[in-house]
Amino acid sequence: MAELSRVLEWDSNFFGKQIAQINAVNAEDSAIFKEIDSLFDKGTECIYLSTDRPIDLSGYDSLTADKKRTYIHETPEYQQVALPDKIGIESPCYTGHPSDLYDLALQSGEYSRFRVDPHFSKEDFENLYKKWVDNSMYEGFADYVIAATSPSPIGLMTAKREHDRIKIGLIATDTKYRGKGIGKQLMRTILNKAAESNLKVEVVTQADNIPACRFYEALGFRVLDETLIYHIWNDRDSKK
């Protein structure tokens, strides 16, 4: 049987907190609560709990941090990219400095669980998304770092090829340029990449992000699955 939990070394090091993850899909409530208590006994400060159903965590300092919805497009077809005048696409990899893309990355995280959870500071959230850009450009986290430019970046998409699909990471259009079809053309760019190699395209968003869900569905994506993610915090010291 696979272990119910694991320590997340990268998250722990990055945030400076002992963080673990519990995959509670198909697990009984009693086993979940036992695992939470065991992790807290070992000094874990925060647990990310992933599940396919609501769980009553009222006995803990917890919040529903994310209602993660995964979309998939299984049959992309090549279509011409048509952008407004004076706006271009730099693909497959943006050649400027990562800091040019930081603001767009932060805009992409408007519904991020690291933004909505008050236990994480604004600085935590911002540093995480800036690191995401840095790692995408220099550490192999992405095969594509695509930017819409005018002439500086006004739209961003990162994506990585994995097995039979391309998985989208960050996607954002600057607030001042929304409604001009830039997001659609960024998505069309990656759908064309997938069509050329007979790959699927997968993207994750939040179910509460209604505009994003409608955007993907209008482009032919369907819901692959949904997962609830809880953040559970160790408040034992405060109760002593």
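## Leu 228

Leu 228 counts as buried because its relative accessibility is 17% (buried is under 20% relative accessible area, exposed over 50%, partly exposed in between, with a 1.4 Å probe and protein chains only). You'll find Leu 228 in strand β10, residues 222-233 (strands are DSSP E runs of at least two residues, helices H or I runs of at least four, numbered from the N terminus).

Leaving aside residues up to four places away in sequence, Leu 228 touches Leu 49, Ser 50, Thr 51, Arg 53, Pro 54, Thr 64, Asp 66 and Lys 67 (a contact is heavy atoms within 4.5 Å).

## About the model

This is a predicted model, where local features need pLDDT of at least 70, side-chain atom pairs count only at pLDDT 80 or more, and totals for chains, interfaces and linings use all residues. Residues are numbered from 1 along each chain as its sequence is written, and side-chain values use heavy atoms, with hydrogens and water left out.

## The sheet

An open sheet of 10 strands runs in the order β1-β2-β3-β10-β4-β9-β8-β7-β6-β5, with mixed pairing (two strands pair if DSSP finds at least two bridges between them). At the edges sit β1 (5-7) and β5 (88-90), each pairing on one side only.

As for β5, three bridges tie it to β6 (residues 144-149), and the two run antiparallel. Gly 88 has Thr 149 in β6 as its bridge partner.

## The helices

Helix α2 (residues 29-41) packs on the sheet and touches β1, β2 (19-23), β3 (46-51) and β10. The direction of α2 makes about 170 degrees with that of β2 (axes are lines fitted to C-alpha atoms, for helices over the stretch in contact, and angles run from 0 to 180 degrees between N-to-C directions).
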